[in-house]
Amino acid sequence: MTWNLTPDQLDIQARARELATTVIGPRAAAVDEAEQYPWENVEALQAAGFTGMTIPTELGGPGHSFLDAVLVVEEMAKVCGVTGRIAVESNMGAISAVMEYGTEQQKKLAADLVLHGDKPAICITEPGAGSSASQMTTRADRQGDRFVLNGMKHWITGGTVSKLHLIFARVFDEDGNEEGIGGFLAVRDENPGLSFGKREPTMGLRAIPEMEVIFTDMVVEPEMVLMPPSGFKRGFADLMNAYNAQRVGAGTVGLGIATGAYELALAFAKEREQFDRPIAEFQGLQWMLADMSVKLEAARSLTYRAAESRGPNDSPFPDPAMAAQAKIFTAEASIDVVNNALQVFGAAGYSRRNPLERMYRDVRMFTIGGGTAQILRTVVAARILDMKLPQGRGGFLPRD
Ligand code: FAD
Ligand code: COA
């Protein structure tokens, strides 16, 4: 590991590793099997100060950086992908958007919830608007100074367990004219009109519910509108800009799972003997392990670099193109690394007695959730070509 971490960061990493190996890891198989949200892991993260890490000190948080949070996510994901994801959304998802764009009252509400163990939910995707997120149809109709939300989201991580929800919706004025896309905050059980539909039976990461979230005449008072700094007209761009932090976090979970799998494969290759010698002595496996290490080092460098980056115009969030580059490479490399780590184990890798099959199921998600690898290539292409690359039928446009 060659990244220049500060002594404080090395300390965070060491504490996270200790918690992961002694507490979180031993529970991971049972958490996967139970398919129940692991509240005991949330308590452990909270007690260690690993939730709300990026909340500023004036709001009661420790004011850590995104990279500090990434170090924790990586350690948790090495042993338990689900706990890695909880660490992402407790430190760098909707919470970051609220800390940057929120009113003092909103920041206080979000900080109190997250510092007490809430993992906020971010509600963007709809059945008809996945990659084409800006085509969402969930609407927020102005009625005086409040808004009434109607619509439905799906694949919402943590639906039914999260308290705070950040909901993206298309805003209309009282005459039915569209104003753009805004962010709306709601708290489960406190907002009549917020309900949940079906839970998705997922391939991996099974202990976090992926839910349909339904808004039926859900009233949002003005103090719960998360106003994008450039207003609703460019609200989608502002909200997606904040989302870049979570994208880096999502890539980090993949990196962590793959690193965990690689470390298991290294140890196994030295122990397991065939033809009267450890299988680590066979060049076929040595080269597989070497390739895994190369991919992981490259993925880690891209991820840490993205976590430390800031986008154009003094953005407080990671640079969109660097976040996309990191997530594309890390997600694809991680799937490959876990696949090969499982191969090193032979039949044992295919058994549910060992963690490789869980890691394989878990890691598969990261080229999909948080922006697919294809869509993120579009984000990178727009940057390197300095063009807008609309995916609709409008064609490519030179930037002004
Ligand atoms: P589609 O957009 O239908 O894409 C289908 C395929 O077409 C993909 O391969 C895609 O890459 C490709 N494609 C689409 N458009 C293009 C294009 N222009 N160019 C090239 N290829 C293209 N969403 C939330 O809002 N909140 C959450 O908490 C959340 N959590 C999730 C957790 C998990 C485990 C998963 C799997 C998803 C989650 N999502 C969440 C949803 C996720 O963001 C979407 O699945 C993702 O954006 C892709 O949308 P889609 O599944 O509708 O695929
Ligand atoms: N960071 C900063 N700005 C972003 C951004 C990001 N991640 N994604 C989009 N924007 C900006 C664009 O730059 C554009 O601003 P501009 O007008 O100054 O150029 C504006 O938002 C609108 O984007 P545009 O590219 O015109 O929208 P689009 O409808 O063609 O789709 C996608 C943009 C495909 C990149 C976007 O919808 C996307 O990221 N889809 C994946 C959804 C996703 O990640 N969901 C995760 C849910 S958990």
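Two residues are in contact if their C-beta atoms, placed from the backbone, lie within 7 Å. Keep that in mind for the views below, which come from a predicted model: local features need pLDDT of at least 70, side-chain atom pairs count only at pLDDT 80 or more, and totals for chains, interfaces and linings use all residues. Residues are numbered from 1 along each chain as its sequence is written, while chains are lettered from A and ligands numbered from 1 in the order in which they are written.

**View 1. Where domain 1 meets domain 3.** The chain is assigned domain 1 (7-115), domain 2 (121-231) and domain 3 (235-392), with bounds that come from an automatic or database domain assignment. Here 23 residues of domain 1 are in contact with 24 residues of domain 3. On the domain 1 side, the elements giving two or more residues are helix H1 (7-34), helix H3 (66-79), helix H4 (81-89) and helix H5 (94-101). Helices (H or I, at least four residues) and strands (E, at least two) are DSSP runs, numbered from the N terminus. Sorted by class, this side of domain 1 has 13 nonpolar, four polar and six charged residues. For that sorting, Ala, Val, Leu, Ile, Met, Phe, Trp, Tyr, Cys and Pro count as nonpolar, Asp, Glu, Lys and Arg as charged, and the others, Gly among them, as polar.

**View 2. The shell around ligand 1.** You'll find 21 residues around ligand 1, and the closest are Ile124, Gly130, Ser131, Gly369 and Thr372. (To be in a shell, a residue needs its C-beta atom, placed from the backbone, within 6 Å of the molecule.) Strand S1 (121-123), strand S3 (146-157) and helix H12 (373-385) are the elements that give two or more residues, and S3 gives the most, with three. Why does ligand 1 lie between domain 2 and domain 3? Because domain 2 and domain 3 both give residues to its shell.

**View 3. The shell around ligand 2.** Among the 22 residues around ligand 2, the nearest are Ser134, Ala237, Met240, Pro320 and Gly371. Helix H7 (235-271) and H12 each give two or more residues, and the largest share, six residues, belongs to H7. The shell splits into 11 nonpolar, 10 polar and one charged residues. Domain 2 and domain 3 each supply at least three residues to the shell around ligand 2.

**View 4. Inside the largest nonpolar core.** This core has 121 residues, and those with the most contacts inside it include Val72, Phe184 and Ala258. H7 provides its largest share, 18 residues. A nonpolar core is a set of buried Ala, Val, Leu, Ile, Met, Phe, Trp, Tyr and Cys residues joined through C-beta atoms within 7 Å. Buried means 20 or more other C-beta atoms within 10 Å of a residue's own (exposed is 12 or fewer, partly exposed is in between), with C-beta atoms placed from the backbone. Zoom in on Ala258: leaving out residues up to four places away in sequence, Ala258 touches Leu296, Ala333, Ser334, Val337, Val338 and Val363.

View 5. Val220 sits in strand S7 (residues 210-220). Is Val220 buried or exposed? Val220 is buried, because 23 other C-beta atoms lie within 10 Å. Beyond four places in sequence, its contacts include Ala140, Phe147, Phe184 and Val225.
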